[in-house]
Amino acid sequence: MTTHPEPPVTQESLLDVAGRKIFVAETGKGAPVLLLHGGGPGASGVSNYSRNIAELAKEHRVIIPDLPGYGRSSKGIDLADPFGALATGIRGVLDQLGLGKAHFVGNSYGGACALRLALDTPDRVDRMVLMGPGGIGTTRALPTPGLNSLLGYYTGDGPSRLKLEKFIRNYLVFNAAQVPDSVIDARYEASIDPEVVANPPLQRPKDLRAVWKMDFTRDKRLSRLPVPTLVLWGAADRVNRPSGGRMLADRMPNCDLYEVANTGHWVQWERAELFNRLCADFLAGRR
């Protein structure tokens, strides 16, 4: 079985961004790259990229924030424009760190954050890697069972370890046996933070305008976005449909698409060696 080194975090900061706190971990030297995690219950930056940080830090200054609403960052998010709120927060991280621009790697909710940031301020993004990003074709088909499971975590009878385990094992990954109980335990404990339970950062949109704004395929700026982009999508993704990858490749002028066989929604974790190699080469301009 492949072993993965512990992420070598060398610095931790709690940045003040417009009066809200955003937690950031850092390691490595070189061109800066921000790793933006997904939006599942209990998610956080370092935990989501635990199998990637050490490798990417060999060539880059790796910056791993907890997105607004998650981990050690301030809770609560503007649900009228969640992707915009995330992008504004992460752009504030760039400002606080004195970075004019950076590479971005985003999974799911983090991918939606990176893409929105690039659309709003393309001059702040060097290269971008998106793994099964949210907000692709969401007004063109009904939500997947996996997305319904994710959005239903805090509704009904509320959060539970059983609900989280079902989401992770049935929908997040291709091979449920790969996920140790310890991962589920840690995610569950983080998911029941009272502030998060009171105001979950990922909710089903209630406003039609928000629904429309959250589908990037409706954004005319997508076809003009100059940022070199690599899209990685698990062929067995049960949360965000793999057809979204083709939608992005057809619309974005500088987009490479790689569909990963026998892989679900968590490409950077399930296929870490492949992801690390492709991501490092792309960010360094070797492909």
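Which residues does F104 touch, not counting residues up to four places away in sequence? In this predicted model, F104 touches V33, L34, L36, I90, L94, A114, L117, R124, V125, R127, M128 and V129, where contact means heavy atoms within 4.5 Å.

Residues are numbered from 1 along each chain as its sequence is written. Because the model is predicted, local features need pLDDT of at least 70 and side-chain atom pairs count only at pLDDT 80 or more, while totals for chains, interfaces and linings use all residues; side-chain values use heavy atoms, with hydrogens and water left out.

**Nonpolar cores**

A nonpolar core is a set of buried Ala, Val, Leu, Ile, Met, Phe, Trp, Tyr and Cys residues joined through side-chain atoms within 4.5 Å. Buried means under 20% relative accessible area, exposed over 50%, and partly exposed in between (1.4 Å probe, protein chains only). The largest nonpolar core has 63 residues, and those with the most contacts inside it are L34, I90, V93, F104, L115, M128 and L248. Helix α4 gives the most to this core, with 8 residues. Apart from it lies another core, of 24 residues, among them F23, V33, M131 and L278.

**Helices α3 and α4**

Helices (H or I, at least four residues) and strands (E, at least two) are DSSP runs, numbered from the N terminus. Helix α3 covers residues 82-97 and helix α4 residues 109-120; their axes come within 8 Å and cross at roughly 75°. The axes are lines fitted to C-alpha atoms over the stretch in contact, with angles from 0 to 180 degrees between N-to-C directions. On the α3 side the contact is made by P82, F83, G84, L86, A87, I90 and R91, and on the α4 side by Y109, A112, C113, R116, L117 and D120. These residues divide into 9 nonpolar, 1 polar and 3 charged.

S191 is found in helix α7 (residues 181-191), whereas G76 has its place in the loop between β4 (60-65) and α3. The contacts in the table leave aside neighbours within four places in sequence.

| Residue | Relative accessible area | Contacts |
|---|---|---|
| S191 | 0% | P41, G42, Y153, Y154, V196, V197 |
| G76 | 13% | R20, G69, N199 |

The C-alpha atoms of G76 and L97, 21 residues apart along the chain, are separated by 23 Å.

Note on methods: Nonpolar A, V, L, I, M, F, W, Y, C, P; charged D, E, K, R; others polar.
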